[in-house]
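Subject: Structure handover

Hello,

Here is the structure you asked about, followed by notes on what was found in it. Please open the two side by side.

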Amino acid sequence: MGTQRSTPLMGASGPREADVLRLAIDIARQIAAGEPFKQDLVRRIEVVLAADGGCGLASFSPDLQPGDGPDVVASEGCVVLPGQAERAAQYVGTHPSFAAMFQFGATRPIRTSDHVRMDAFWETEEFDAMHGWMPTAHYPASIALHVGPTGFAFLGLHRDRRDFTEDDLDALALIQSIVAPALTLNARLEEATSRLRALALDGAGAIGGDQLTALTRREEQVLALAAGGLTSGAIAHRLGLSERTVRKHLSSVYAKTGLRGRAAATAWWAAQGRRRLDSTPPRARTREPQR
């Protein structure tokens, strides 16, 4: 496998390196900002890797029970029928690509044809369950994006008439090397946030009220909306600000509270019991007459 090559991914045999890097960086930034990324990743990687057989991103939660299926985001036009994901999940333990992904983790792409003879595999119930919902999915490849106690996520790509090349695997390895660490960091931040929330609610190690009173009204509004799950763009739209201004307010919150990042700051805010703050911009409020 050519994942150790240092030559640029240029030429007719593989995707352009600039396109691959741009995709990976954009997705990693979305993950870091806590923004939805799955549909964008599936849509863009389908184009960059010429995956004409379709793509899908499957996420398995750690508490998945027998008979349950993963959360699946698939290419536009690929319909996941009721029960399809649950049926596919039954073959996770025996599918050759999954064995390789569990062995190598998020460190290398997996080309299914490297592990099984495809013409024989196409005729199996296992192939139909895993790939049959994409009618032209004859040559699969995959990358694990997150493997850990908080769950398992992988991206599967398919082609119809030709297999993925060494250049394609290099491109997938590059994407994996940027996106997978971003997801791992996000999972660790979520874990740390849960611990911080528990400490705050227990009254042990909680950040004092001085930091709360130090925030401006606008910083409180931005933080309240972020704690409610809104992205920077949605907050900007709600408050009539630019995204850059929203990011500046959040940076100011981090500096004043000593917290690092949106997840920790919003958890702290929730622990203060301030989630229901009225976030209506001051200019939109009706002023009471002077008495």
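The count of cavities of 30 Å³ or more comes to one. Please keep in mind that this is a predicted model. The volume of that cavity, referred to below as the largest cavity, is about 290 Å³.

The cavity

A total of 26 residues line the largest cavity, and those nearest its centre are Ala58, Phe98, Met130, Trp133 and Phe154. At least two lining residues come from each of strand 1 (54-60), helix 3 (84-89), helix 4, helix 6 (125-131), strand 4 and strand 5. Strand 1 has the largest share of this lining, with four residues. By class, the lining of the largest cavity holds 17 nonpolar residues, nine polar ones and no charged ones.

The largest pocket has a volume of about 1,100 Å³. Its lining is made up of 43 residues, with Ile31, Gly34, Asn186, Glu190 and Ala263 nearest the centre. Two or more residues of the lining come from each of helix 1 (17-32), strand 1, strand 5, helix 7 (166-202), helix 9 (217-227), helix 11 (243-257) and helix 12 (262-271). Helix 7 gives the most, 10 residues. The classes here are 21 nonpolar, 14 polar and eight charged residues, whereas the lining of the largest cavity has no charged residues.

The strands

The chain has five strands, along with 12 helices. Strand 1 pairs with strand 5 in the antiparallel sense, over seven bridges. One of the residue pairs there is Ala58 with its bridge partner Phe154 in strand 5; both of these residues are also among those nearest the centre of the largest cavity. Strand 1 also runs antiparallel to strand 2 (residues 71-74), joined to strand 2 by four bridges. In that pairing, Gly56 stands opposite Ala74.

Strand 5 (residues 151-159) also pairs with strand 4, again in the antiparallel sense, over nine bridges. Strand 4 and strand 5 make a hairpin, with two residues between them. Val147 has Phe152 in strand 5 as its bridge partner. Strand 4 is in turn joined to strand 3 by two bridges, and these two strands run antiparallel. Ile110 stands opposite Ser142 of strand 4.

How covered are these strands? In strand 1, seven of seven residues are buried. In strand 4 (residues 139-148), eight of the 10 residues are buried. In a regular strand, side chains alternate between the two faces of the sheet. In strand 1, Gly54, Gly56, Ala58 and Phe60 point one way, while Cys55, Leu57 and Ser59 point the other way, and all are buried.

Two residues

His158 is in strand 5. Is His158 buried or exposed? His158 counts as buried because its relative accessible area is 5%, under the 20% cut-off. Beyond its neighbours within four places in sequence, His158 is in contact with Ala51, Asp52, Gly53, Gly54, His131, Met134, Ala137, Tyr139, Pro140 and Phe164. Of these, Gly54 belongs to strand 1.

Ala106 sits in the loop between helix 4 (96-104) and strand 3 (110-111). At 31% relative accessibility, Ala106 counts as partly exposed, because that value falls between the 20% and 50% limits. With neighbours within four places in sequence left aside, Ala106 is in contact with Ala144, Leu145, Gln176 and Ala180. The C-alpha atoms of Ala106 and Val179 are separated by 9.6 Å, although the two residues are 73 apart along the chain.

The chain as a whole

Of the 291 residues, 43% count as buried. Among contacts in the chain with a separation of 6 or more, 65% are between residues 24 or more positions apart. The accessible surface of the chain comes to about 15,500 Å², and 51% of that surface belongs to carbon and sulfur atoms.

Regards

Terms used
Residues are numbered from 1 along each chain as its sequence is written. This is a predicted model: local features need pLDDT of at least 70, side-chain atom pairs count only at pLDDT 80 or more; totals for chains, interfaces and linings use all residues. Side-chain values use heavy atoms; hydrogens and water are left out. Buried means under 20% relative accessible area, exposed over 50%, partly exposed in between (1.4 Å probe, protein chains only). Contact means heavy atoms within 4.5 Å. Two strands pair if DSSP finds at least two bridges between them. On a 1 Å grid over the protein atoms alone, a cavity is a set of points where a 1.4 Å probe fits but cannot get out, and a pocket is an open set with protein on both sides within 12 Å along at least five of seven lines; lining residues have an atom within 4 Å of a point. Grid points are joined across faces, edges and corners, and a volume is the space filled by probe spheres set on the points. Ala, Val, Leu, Ile, Met, Phe, Trp, Tyr, Cys and Pro count as nonpolar, Asp, Glu, Lys and Arg as charged, and the others, Gly among them, as polar. Accessible areas come from the Shrake-Rupley method with a 1.4 Å probe; for residues, only the protein chains shown count as cover.
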